[in-house]
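Welcome! Please take a look at the structure shown here before reading on.

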Amino acid sequence: MEPTKVQSDGGLNVTLTIRLLMHGKEVGSIIGKKGETVKKMREESGARINISEGNCPERIVTITGPTDTIFKAFAMIAYKFEEDIINSMSNSPATSKPPVTLRLVVPASQCGSLIGKGGSKIKEMRESTGAQVQVAGDMLPNSTERAVTISGTPEAIIQCVKQICVVMLESPPKGATIPYRPKPASTPVIFSGGQAYTIQGQYAIPHPDVWTPVHQPAPTRLQFPMI
């Protein structure tokens with residue numbers, strides 16, 4: 001593979017696919033009301049943003065496109081998460097702002113290059129960007145991929161993602177990669193009035209087969225008969 005050409009602005013002139021692992025609440029924030037937030041992100045960044053379906057506690061968010069569009073999409077996601085943190089802090093006594101955290105899903109065969117000899121590469125990334133970077137020691141279940149957690153300010157995260165992209169392009173994955181697919185939540189499902197619900201504590205949470213943020217009924221409190 002030819003050496004990657006890095007432009008003066010730090011961007012790369014290639015097309016990439018980056019996978020992110022998110023919790024349900026984070027996915028809801030990215031989708032937004034009636035899908036408006038993700039629609040805006042797609043339009044303004046120019047990147048393709050796909051979100052895995054299914055009733056899973058975790059979801060995979062796939063971002064594909066030329067690297068400049070990927071970095072724009074990452075920036076929008078990082079700033080959206082920072083906005084969520086600021087909003088949550090307005091209702092809490094916490095005084096120090098926690099960092100924004102994103103989790104990348106990376107083929108295990110590329111993780112050695114990200115870490116570098118004796119941890120030199122990952123140390124260099126931490127020092128030059130100010131972001132914290134952690135590569136999981138274990139592979140994600142039923143896959144040959146590992147989670148790479150990046151935390152810090154949105155600006156630090158964006159710089160760190162750029163550096164990770166350079167490493168991944170210079171060291172392509174070896175052999176076949178078995179992608180991580182989150183498992184559905186193993187909660188009981190009941191049906192009522194043509195709607196499926198999962199049971200969480202004393203509440204029945206609407207459980208559409210294909211998850212969409214549109215027309216989602218409110219959680220229904222279960223009424224248990226008195227014995």
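## Before you start

This is a predicted model, in which local features need pLDDT of at least 70, side-chain atom pairs count only at pLDDT 80 or more, and totals for chains, interfaces and linings use all residues. Residues are numbered from 1 along each chain as its sequence is written, and side-chain values use heavy atoms, with hydrogens and water left out.

## The chain as a whole

The chain has six helices and ten strands. Here helices (H or I, at least four residues) and strands (E, at least two) are DSSP runs, numbered from the N terminus. Of the 227 residues in the chain, 41% are buried. Buried means under 20% relative accessible area, exposed means over 50%, and partly exposed lies in between, with a 1.4 Å probe and protein chains only.

The accessible surface of the chain is about 13,000 Å², and carbon and sulfur atoms account for 55% of that surface. Accessible areas come from the Shrake-Rupley method with a 1.4 Å probe, and for residues only the protein chains shown count as cover. Take the contacts between residues at least 6 apart in sequence: 61% of them join residues at least 24 apart. Contact means heavy atoms within 4.5 Å.

## Helices H1 and H2

Let us turn to a pair of helices. Two packed helices are described by the angle between their axes and the distance between the axes. For helix H1 (residues 24–31) and helix H2 (residues 36–45), the axes come within 5 Å and cross at roughly 65 degrees. Axes are lines fitted to C-alpha atoms, for helices over the stretch in contact, and angles run from 0 to 180 degrees between N-to-C directions. On the H1 side, Ser29, Ile30 and Ile31 meet Glu36, Thr37, Val38 and Met41 of H2. The residues of this contact are four nonpolar, two polar and one charged. In this count, Ala, Val, Leu, Ile, Met, Phe, Trp, Tyr, Cys and Pro are nonpolar, Asp, Glu, Lys and Arg are charged, and the others, Gly among them, are polar.

Which residues of H1 are buried? They are Val27, Ser29, Ile30 and Ile31. Their cover includes strand E1 (15–23), H2, strand E2 (48–51), strand E3 (58–66) and H3. After H1 comes Gly32, with a positive phi near 75 degrees. In the loop between H1 and H2 sits Lys34, which has a positive phi of about 55 degrees although it is not a glycine. Lys34 is exposed, because its relative accessible area is 56%.

## Two residues around this pair

Lys80 belongs to helix H3 (residues 67–89). Is Lys80 buried or exposed? Lys80 is buried, because its relative accessible area is 16%. Leaving aside its neighbours within four places in sequence, Lys80 is in contact with Ser29, Ile30, Thr37 and Met41.

Arg42 is in helix H2, and with a relative accessible area of 35% Arg42 is partly exposed. Apart from its neighbours within four places in sequence, Arg42 is in contact with Ala47, Ile49 and Asn50. Arg42 and Ile63 are 21 residues apart along the chain, and their C-alpha atoms are separated by 9.5 Å.

## Helix H5

In helix H5 (residues 120–129), Ile122, Met125 and Thr129 are buried. These residues lie on the same side of H5 because they cover an arc of only 55 degrees around the axis. The arc is that of the directions from the helix axis to the C-beta atoms. The buried residues of H5 pack against helix H4 (108–115), strand E5 (132–135) and helix H6 (154–170). Just after H5, Gly130 has a positive phi of about 85 degrees.

## The loop between E5 and E6

Asn142 lies in the loop between E5 and strand E6 (145–152). Its phi is near 55 degrees, a positive value in a residue other than glycine. Asn142 counts as exposed because its relative accessibility is 63%.

Thr144 lies in the loop between E5 and E6 and is partly exposed, with a relative accessible area of 23%. Leaving aside its neighbours within four places in sequence, Thr144 is in contact with Pro107, Ala108, Met139, Ala176, Thr177 and Ile178.

## Cysteines

How many disulfides does the structure hold? The structure holds zero disulfides, a disulfide being a pair of cysteine sulfur atoms within 2.5 Å. Cys165 is in no disulfide, and the nearest cysteine sulfur, that of Cys160, is 9.9 Å away. Cys165 counts as buried because its relative accessibility is 1%. Cys56 counts as buried too, at 14% relative accessibility.
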